[in-house]
Every structure is written in C-alpha cells, then in structure tokens.
Amino acid sequence: MIPITHYLILSAMLFAIGVTGVIISRNLIIMFMSIEVMLNAANLAIIAFSRSLNLMDGHVFVFLVMAVAAAEAAVGLAIIINLFRNRESINADTFSLMKR
Amino acid sequence: MEHSLYLILLFPLAGFLINGLLLGRLNKKLISLIGCGSVGLAFLWGLKTFFNLLAVPETERIFNEVLFTWIPSGIFKVDFGLMFDPLSAVMVLVVSGVGFLIHVYSVGYMHDDPGYGRYFTYLNLFVFSMLTLVLADNYLLMFVGWEGVGLCSYLLIGFWFEKQSASDAGKKAFIVNRIGDFGFLLGLFIIFWQVGSLDFAVVFKQAPLVFAAGGTLITAATLLLFVGATGKSAQIPLYVWLPDAMEGPTPVSALIHAATMVTAGVYMIARSNVLYMMAPTTLAVVAIVGCATALMAATIALTQNDIKRVLAYSTVSQLGYMFVACGVAAFAAGIFHLMTHAFFKALLFLGAGSVIHALAGQQDMRFMGGLKRPMKTTFITFLFATLAIAGIPGLSGFFSKDEILWKSFSSDYGSPVIWAIALFTALLTAFYMFRLIFLTFYGEPRMDEHAKHHLHESPKMMTVPLVILAVLSIVGGWVGIPHVLGGGNHFEKFLEPVMGKMTTGATGGHALTSAGHDTATELVFMIGSVLLILAAIYAAYYLYLKNITVVGRIRQRLSGLYKVLYNKYYIDEIYGAIIVRPLINGSLFLWKIIDVMLIDGIANGVAALIGYISSDVRGMQTGNMRTYVTVFLGGAIILMGYFILR
C-alpha cells in the first residue's frame, strides 16, 4: 500500500504547479486551467486523508468540490467568452480597469 | 342613522370632489350648478334636521351619529361622530345658508375669472370643512375641520397667487393661524391627559369631577384653547392676518373672513362653555382681550381708505364683541351676535364687492362717491346692513349688540369698564360705517371719467343674494328680542340645552328682569346707547358730507394720532421687528453658519480627509490580477507559517 505521504507530496506539487501557472501566465484560459489543477490538488489531499483515516467525510467533500468546480468552470468560461467578445483579448493584463 | 346627518357633509364634499377632479373639463354652467347646488342641498338637509330637532322635547334636543371609529388606539379612541344640537343647528344653518347665498353671488362676481372651477372647488371644500367643525362631536374631529378651514382660507386668500401681495397674505394667514393652532392642540393635550377622552359629552360630564374649579390646569387648558381662538377669530395678538386676507376675492372675504370661519373661535368657546365657566381667570382674559380688540380695531377702521379694509377691521372689532360676550359668560349672546353679524357683515362685503365690481377693481374710497343713484339695489341693501351693524333699533344688530352691552354690565363676570369700552366701540362702529356710506354712496363722484361711464348695477345673480341678506339683516334679530321689549328671547332659550341655565340665571334674563329697577336700568341703557349712536351717525354726516373741510383740520390738529391710527398702531412693523426679523436672522445664522459652515464643513471635511489618505494608498491597487494573486499567496503562506511555527 502506498503511504499517505506520497499522495500528499503529489498533491503539494500539483498545487505548486497550479499557483505558479496562475502567477506567471497571462492567458486567462491557462490561468483558469491552473485554478482547476489547484482544486484537484486539494481534492487529492482530501481523498488521501479520507482513505487513510477510513472516514467517508472526505468523499462527500470531494463531491462537493467537484460540483462547485463544474459550476465555476461554466461561469468562468462564460465570463471569459464575454470578455473576449468585448475586448478581443484574453490577456489578463489588459483587464486592469481598476487602475487609472 | 335616522337623521342622516352625514348628508349635510356629503353634499359639499361631493361638490368638491366632482369639481376638483374634473377641473377644467366642465363648462361654467355645470361648475356653478354643482358648486351652488351642493351647498344648497346641504342647507336644505340642515333645515330639515333643524325642524326635526324642534319637534322633539327640549331636553332631548341632541342627535348623535357615529359614522365609524376613526382612531382606535388603546385608551385613545376617537370616533368620526357627528352631533346636531341647538348650537350646531344655528351654526350649520348660518354656514350653509349664508354660504349658499355667497356661492350664488360668486357666480356673478367671478364670472370672467380663469380660475372659475378652482374657485368653486375651494369654496365647497371650505363649506365641507366648516360643517365638519361645527358638527363634530369631539375635539379632535373639530380640529380636523379647524385645520381644514385654515387650509381653505390660505388657498382662497392666495387665490390670485400670481400677485405677490396675495400669496404673501395667504402665507401670513396660514402661519399666524398655525401659532394659534399650536395653543389649541396643547389645550387638547391637557384635556385628554386629565379626562382621558376628547368626546364633548364625556369631557363636559367629567370636567367638574376631574378639574378643580378655578384651578391651574383648567385655567391653562382653557387659556390654550383661547389662544387657538385668537388665531382663528383674529383677536389680539394674532389678529394681524385678517386685514391682509382682503387680498382674496371679495365673496371669499364675505364668507370666510367675515361670516363663518372667523367665528369658529367663538363657536369653540361657546361649545366649551362648561370648561370656561370653571375658569373665571380665563373668562376675564377673554373679556379683556375681546374688549381691547374691539376698541383697537374700531379705531383703526376710522382712518382706513380701502373699503374692504374698513370692513375687515370692523369684522375684527365685531369679533371682539363676541368674545366680550363669551368673557362675561353670556355665551348665547355671543352666538346671537355671531348669527346676526354673519348676515349683515356678509351683506356689507358683498355690497362692497358689488361696488368694486362696478368700478372695475377700485377699492379706494377716495375715488368713489355718488354711487347712490347708479347702484340702487346695492345702496339700499348696504344701507340696511350699515344700520344693522350700527345698532339702530328694530334691525338685527341692535338686539344682539344690545344684549352684549347689557350683559357686559349686568353679568356676574361683567364690569362697568368693559361695558363703557364696548359702548364707546359701538359709537365708533356707527361712525366709521357711516363714514364709509357717505364716502362711497353720497357726495360728488370722485372716480375718473372713464370709470364713471362704466358704472352699472351688478347682475341679478349678485343683487338677489344682497336682497335676501338684507331681509335677514333686518329680521334676523327678531328671534332674540329681549324681555324688556316684550320679546321672548327665543334664541337664548333655544340654546339653553347647550349653554345651561346658569348663563341665563346669572345674567339678566329671568332672575334680573323680575326685579323692577333692573328692567328700568336696561331700558335706560338701551335708549341711551341708541341716542349716542344716532349722535355718532350725525357726526359722520357732518364731517364727511356737510362740512368736509373740518376733517382736514382735525387731521392736522391730531396728526400724530392720525398717523398712528392710519398705520394701524404700527403693529405689523412691531411684529416684524421683534418676531419676524429675529426669526429670519436666526434662520440665516442657522443656514449660513451652522448648516453650511459647520455641518457641511464636517461632512465635507471627513470626505476630503479620506480622499487625501486614499490617494496615497490606492497605488496598491494595480488592477493587475497576477499581482493580487501573488500578494494573496504571500498572505496565505505567512498565515500558514504562523500557524505551523507557533
């Protein structure tokens, strides 16, 4: 049986990749995908704990997170499509209206 | 609901709603029909109810009718209840009867006015409010009518609002009335606080048990109610609005500012006679204020040149008379004078309106004269009204005025001083009224040629009401012929269920006339005052018709006094200096210093401070999402580190 640390290290790595992706990428789609990676990293950690502790709670949480992620993906993609329609760009740096 | 009292209110209300909601969509004929008809129907229904009232025995002469509960709030319960007793009956008949005649007159007078529909709308609303006032069976509903007539008064004084002076006069009337109303409300609070109800029936029954006779509370309550009365009925110190109210159309002056609304204060005091009888101090104040007002207004009227202003001051003076009557506990006499005054003063105003109409708006008596011939009907009716107000025997004014004079002397609350002043005022009244007659109708015409050609008698629509009112001015007093002249004084007897026996017992009436010498005294007084009044009329004749130059000489000799009188004792200026100016200056201070500088300064200062701080801090908001994420991540790491390393 694979010890829990392995799962956690994988999860941490995935999370780090996700964070790095959000920070360094300018492309909104990439940023969005990175966020999904981060979410799934969290999911992985949760499920690993759930399995090793023999509790069902984690599974429930993960389902919840997946449902939220799906909804968020729908909304997020809709926003991105609208942004693109209006600005012909999905470069995050062009959307800095709050700075004058 | 057997008497359907609400119908008396419903007709004018319906007239108001129809004319008001369809403003400008009806033709003039229909407007006049609705306007006059509604008041006429109210009068007829009032008359029918009056006969019903006469049909029942004296002790049961009160019809009550509760339409619905208006304010149910714990122990504070007020009904929309109507009451028809002898006092209400007199008031309803006067208001709707004189009101109807004035409505008819207005059809002729206001015929060419662009605001014709609006005029009748307001007038019907006024009649509705006034009838509510007199029919209410509790103080609060009375107050509703009280405020309603105040509102209509404001609207109608400022009817020609495009004229600055008219809209100013309207505001003045409203504000001065508000001051009085404040006192009225405070009085009601005291009554409710002590008695726990505002129903007339309950208050008058409980008052002797709750209040100590002559105590502070009852004195305060009645005095505060009286403050309200001084506002509405134009007594010192709040009379200043009435002369200015002459800016309104003349029929309005006749209806509201002579015959009905201004008598509301007298009505209220007569209605509350139970309370006032318990507060002798207040009675004395009422009598003194009434007396002072009567004298002061009469002296001002001596010198005025505007025909309507003379009549306005005369109204103030006559109202003073009514208050004298109330102050000496002769409430019935006050109401009697109220009724006869409504007839002859409405007639005087309508006659003046007829004159003004004929002279195309000229109100200055110096440019009148010689109108006797071209305006026969107006002249004759006007003359009768003048004779009535002067107190010539046989006409209505004589009986009511003489009643007041006699009671101010003989009543337990009266005094020779009050009587003497009242008598002197009566002489002045006769003098200035005949001055008016001689200046307007006699002598050489002083108007310009153009106006002279246009002189004409007013149309039938206007003269018929004049004639009817003239008849009323003559016979109106015959219901109250005193015992000494062989009459039955039916009027006073009719009001007895409301005023109580006490008034008649203590003042003249049965108790005193039984003693022989008092009858003789009363007769001597009567004859004496009539002789003096005739002398005053002759003086007016001598000064203003026969020997005009004397007036100028007197005016020069007494120029100081004349100036004071002509400028109305400078009361308006004094009020302006000690009340209005400081108020305006105080408001200016509050506006410019407190509001603009202090309050706005604080609000704007805080905003400016925040703005100043933010202008530095906002550099952190780059608008770049990746920066935010980095900072967010840094924060998360720091937090996490804190919890791990703790």
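Salt bridges in a predicted model

In this predicted model, the count of salt bridges over all chains comes to 15.

User: What makes the contact of B:Lys163 and B:Glu247 a salt bridge?

Analyst: The N to O distance between their side chains is 3.4 Å, and because the rule asks for a Lys or Arg nitrogen within 4 Å of an Asp or Glu carboxyl oxygen, the contact qualifies. B:Lys163 sits in the loop between α5 and α6 of chain B, while B:Glu247 sits in the loop between α9 and α10 of that chain, and the two residues are 84 residues apart.

User: How do you know whether B:Lys407 is buried or exposed?

Analyst: B:Lys407 has a relative accessibility of 3%, and since buried means under 20%, this residue is therefore buried. B:Glu403, at 6%, is buried too. The side chains of B:Lys407 and B:Glu403 form a salt bridge at 2.9 Å, N to O, and both residues lie in helix α17 of chain B, four residues apart, which is about one turn of the helix.

User: Why is the pair of B:Lys407 and B:Glu492 said to tie together parts of the chain?

Analyst: The closest N and O atoms of B:Lys407 and B:Glu492 are 3.1 Å apart in a salt bridge. B:Lys407 lies in helix α17 and B:Glu492 in helix α21 of chain B, so the pair ties together parts that are 85 residues apart in sequence. Both B:Lys407 and B:Glu492 are buried.

Key. Residues are numbered from 1 along each chain as its sequence is written. Chains are lettered from A and ligands numbered from 1 in the order in which they are written. This is a predicted model: local features need pLDDT of at least 70, side-chain atom pairs count only at pLDDT 80 or more; totals for chains, interfaces and linings use all residues. Side-chain values use heavy atoms; hydrogens and water are left out. Buried means under 20% relative accessible area, exposed over 50%, partly exposed in between (1.4 Å probe, protein chains only).
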